[in-house]
Amino acid sequence: MPPQPIPIPIPSSSPRVVAASVSPSSHSLSDRLRHRDSLAALNAIRQPKVLHPADNEDLRLLLLENISPEAVRYFTSQGFHVDHYTTAFSEVELVEKIPHYHAVGIRSKTRITEKVIKAATKACLLVIGCFCIGTNQVDLATAAKAGIPVFNSPFSNSRSVAELVVSEIIALSRQWFQRSHEMRAGIWNKQSKGCWEVRGKTLGIVGYGHIGSQLSVLAEAFGMRVIFYDVVNIMPLGSARQVETLPALLAEADFITLHVPELPETINMISKQELMQMKRGSYLINDARGRVVDIPALIDALTSKHLAGAALDVYPAEPGSNGAPFDEQINPWATTLCSIPNVILTPHIGGSTEEAQRMIGEEVSQALTRYLNYGSTIGAVNFPEVDLRPITAEQGNNVRVCHVHTNQPGVLRQVNDILSPYNVEKQYSDSKGDVAYLLADIADVSPSDVNKLKETINQTSANILTRLLV
């Protein structure tokens, strides 16, 4: 029996509230907050106009993997119809379901493949939201070519992951995870051999981004020395020190923790050679992506006692739902890994805190709403980042054109020729790879012209997707 959606009450009358737009040049969190505050002050004087899709008022959203209830409530408050499931969907289920939705929200288990995107673009899918940090579960290039931006939450769960790493450092150093396991088995085994304080030890952080930098501060509060390796030069926080090469970090650190995305160059970045470069008796922690560590090589390093322990929160393949087995059918080395002492295995819980899920739900739901209602792609990971200031309530006959097209010469001239009978009040365009995106606000458009205008732009040779918001 297929999974049934969680019933979500939809308010009978829920006007859509304009979310603050952000300048296309604003990328840092502080820049975005400052811009939001300035727009809030402006909107107190000039009330933004609520926009709606010209051709489809009833937008339907599919949310999977038990996404935060706050996100569900936010979407329903905007007047969207939401179907909310607690589990991930398989590719077959997505191909069947997704043509009925304008937006889909997922976490890390659901995979949006090329096949799924092709099934979705035959219908009405407009946007994908990843309610997590990673986006490698989505075919980003295919989505962009189909005119579908993908949004994520790059830093909302950073603190939760950093705190998990701190707990793993202490658990590995004191072997208390192993002692707890023995106590549950009825074995009293009090010992101090091989147990250490973390004070004075060296933590090596691979990837000094949102998570790595927060972890750096927390580790120094415990009296640890912090070194880090990153592919770009970064100003360290506190007394942390950047090293020039990964081998230099591996040779110096007592604890090594990975915080890198899954890219072709990071797959198996920690394999047999790198593990042998680590200090004898050191520890490896991977709460990043499952394929950045060569697990069979790690098993060899642990069983040979070259490493004193490891903590893993992510794996090359993971079960699709809670309660599913973690065994050889998922990963061929699962039973061997589970049998090694002082190895902490957790089920991808790095960002699984109430605080992180609430913030992720707020951030991604607002990003999807800004795109659906106003065309803003600020924060999209696979798409040009374009935004315009809101149309005000006084501009009653204004229409916003959202035009995704292939990045080729002559498109703007062709589109502007189509818009020439109208006053183009503001316009912004940008490109990323083979895809370009244009936003334009035009004035004095009669209702009878709206569909004709959209159809004319749709017929241009470079058109991928065109929406008109009125």
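Student: In which sense do strand β7 and β8 pair, and over how many bridges?

Tutor: Two strands pair if DSSP finds at least two bridges between them. Strands are DSSP runs of E with at least two residues, helices are runs of H or I with at least four, and both are numbered from the N terminus. Here β7 (residues 225-229) and β8 pair in the parallel sense over 2 bridges. Phe 228 stands opposite Gln 242 in β8. Before we go on, this is a predicted model: local features need pLDDT of at least 70, side-chain atom pairs count only at pLDDT 80 or more, and totals for chains, interfaces and linings use all residues. Residues are numbered from 1 along each chain as its sequence is written, and side-chain values use heavy atoms, with hydrogens and water left out.

Student: What is the order of the 7 strands in the open sheet?

Tutor: The order is β8-β7-β6-β9-β10-β11-β12, with parallel pairing. At the edges are β8 (241-242) and β12 (343-345), each pairing on one side only.

Student: Is Glu 93 buried, exposed or partly exposed?

Tutor: Buried means under 20% relative accessible area, exposed over 50%, and partly exposed in between (1.4 Å probe, protein chains only). Glu 93 has 28% relative accessibility, so it counts as partly exposed. Glu 93 belongs to helix α3 (residues 91-97), and its side chain reaches the backbone nitrogen of Ser 90 at 2.8 Å.

Student: How far apart are Glu 93 and Val 116 in sequence and in space?

Tutor: Sequence separation and spatial distance are read side by side. Glu 93 and Val 116 lie 23 residues apart in sequence and 9.4 Å apart in space, C-alpha to C-alpha.

Key:
Polar contact = N/O pair within 3.5 Å; in protein donor to acceptor, adjacent residues only side chain to side chain.
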